[in-house]
Every structure is written in C-alpha cells, then in structure tokens.
Amino acid sequence: MLKFFPVCLITIICCACAAHKPEMESRNLSNPVVSKNCPNLYVLAPANYIIELAADSNVIMDPGWHDFVLYCSPDKAGNALDKMVKSGTAHKGDWSVYMLDETSEDLVKMENGRMILASPARLKTWLEIEG
C-alpha cells in the first residue's frame, strides 16, 4: 500500500494542476485609459533617484524589480503615497513621485483594476507634492 502512495500523490497533484487555469495577464496595447485620460504617467519610486536625475543620469524603472503602480496625475500618486505612509504599507525609505519620460500604451498592464508598469521606462523628472 505504501509503495502506491507516491504514485497516487503525483496523480492528484497533476490533476489539480491541469484543472487550474491561471488567468492570462493581458497586455492591452490599445489601452484607452492611457491614450485618452493620461497625458503623462506618474510612478512612486525611491527618493534617492532625484539625485541621479539632477545629475542628468538615465534612471530606468524595471518592472522585474518591483510592481510599480502607475497614476494619471501627480495628485493621485501623491495621495496614494500619503495613504501608504499613514497605513504603514510603504516600503522602508523615502519615496517620491516621478513622471515617466513617455506615455506609451505598451508600458501599461492592467492588474486588479490598477495600471502597473509592464516594461522598463525612463524617469523624466520628479515632482514636489504638497502633503
């Protein structure tokens, strides 16, 4: 009986995996949210990038490192940052609001109703947000 246990366990796991169909992340290249409502895209990122931008360095946001949520206005990004700080959900360190250098539909993927950075993007500048 015990020598059939591993075979049964593997069969159950295989059946469970075959039955599970993960949702495909769609990368909507004709994303109406970006093209109509967002003349610019904004992101929250570590504040030390300000130094790099001030020195005219290229600062590239890499979505492989972190899920960067994108916003259509600096005010929405600033409000999100305030909420994260007040609720204690902000990652350690100082964070700032930055504008991306481009607003391209292929930069965005929709995930749980939020816009997430889908491909590497260069930061254009940082913004002073009154909070």
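**The largest pocket**

Begin with the largest pocket, which holds about 290 Å³ of space in this predicted model. Its lining consists of 14 residues; select L44, V69, Y71, M84 and R114 to see those that lie nearest its centre. Next colour β3 (69–71) and α4 (74–87), each of which supplies at least two residues of the lining. Which element gives the largest share of the lining? That is α4, with five residues. Coloured by residue class, the lining shows seven nonpolar, three polar and four charged residues.

**The whole chain**

Zoom out and switch to a cartoon. The chain has four helices and seven strands, and from the N terminus on they follow the order α-α-β-α-β-β-α-β-β-β-β. Colour by accessibility: 32% of the 131 residues count as buried.

**The largest nonpolar core**

Now select M61, L70, L100, L117 and L123. In the largest nonpolar core, which has 19 residues, these touch the most other members. Two or more residues of this core come from each of β1 (42–46), α3, β4, β6 (114–117) and β7 (121–127).

Keep M61 and show its surroundings. With neighbours within four places in sequence left aside, M61 is in contact with A45, Y49, F68, L100, L117, S119, P120, A121 and L123. Another core lies apart from the largest one and has 11 residues, including L44, V69, L81 and M99.

**The aromatic pairs**

The count of aromatic pairs comes to two. For one of them, select Y49 and Y98: the ring centres are 6.2 Å apart and the planes stand at 55°, so the pair is tilted. This pair links distant parts of the chain, with Y49 in helix α3 (residues 49–54) and Y98 in strand β4 (residues 95–100), 49 residues apart. Are these two tyrosines buried or exposed? Y49 is buried, with a relative accessible area of 18%, under the 20% cut-off. Y98 is buried as well, at 0% relative accessibility.

**S96 in β4**

Stay on strand β4 and select S96, which has its place there. S96 counts as buried because its relative accessibility is 11%. Which residues does S96 touch, not counting those up to four places away in sequence? They are V43, L44, A45, A47, I50 and L81. Of these, L44 and L81 are among the members of the 11-residue core.

**Two loops with positive phi**

Finish with two backbone checks. Select D56, in the loop between α3 and β2 (60–61). Its phi is near 60°, a positive value in a residue other than glycine. D56 is exposed, with a relative accessible area of 70%.

Then go to N112, in the loop between β5 (108–111) and β6. N112 is not a glycine either, yet has a positive phi of about 55°. At 72% relative accessibility, N112 counts as exposed, since the cut-off for that class is over 50%.

Notes:
Residues numbered from 1 in each chain as written. Predicted model: local features only at pLDDT ≥ 70, side-chain atom pairs only at ≥ 80, totals over all residues. Heavy atoms only, no water. 1 Å grid on protein atoms, 1.4 Å probe; cavity = no way out; pocket = protein on both sides within 12 Å on 5 of 7 lines; lining within 4 Å. Points joined across faces, edges and corners; volume = space filled by probe spheres on them. Nonpolar A, V, L, I, M, F, W, Y, C, P; charged D, E, K, R; others polar. Phe/Tyr/Trp six-rings, centres within 6.5 Å; stacked < 30°, edge-to-face > 60°. Buried < 20%, exposed > 50% of the residue type's maximum accessible area, 1.4 Å probe, protein only. Core = buried A, V, L, I, M, F, W, Y, C linked by side-chain atoms within 4.5 Å. Contact = heavy atoms within 4.5 Å.
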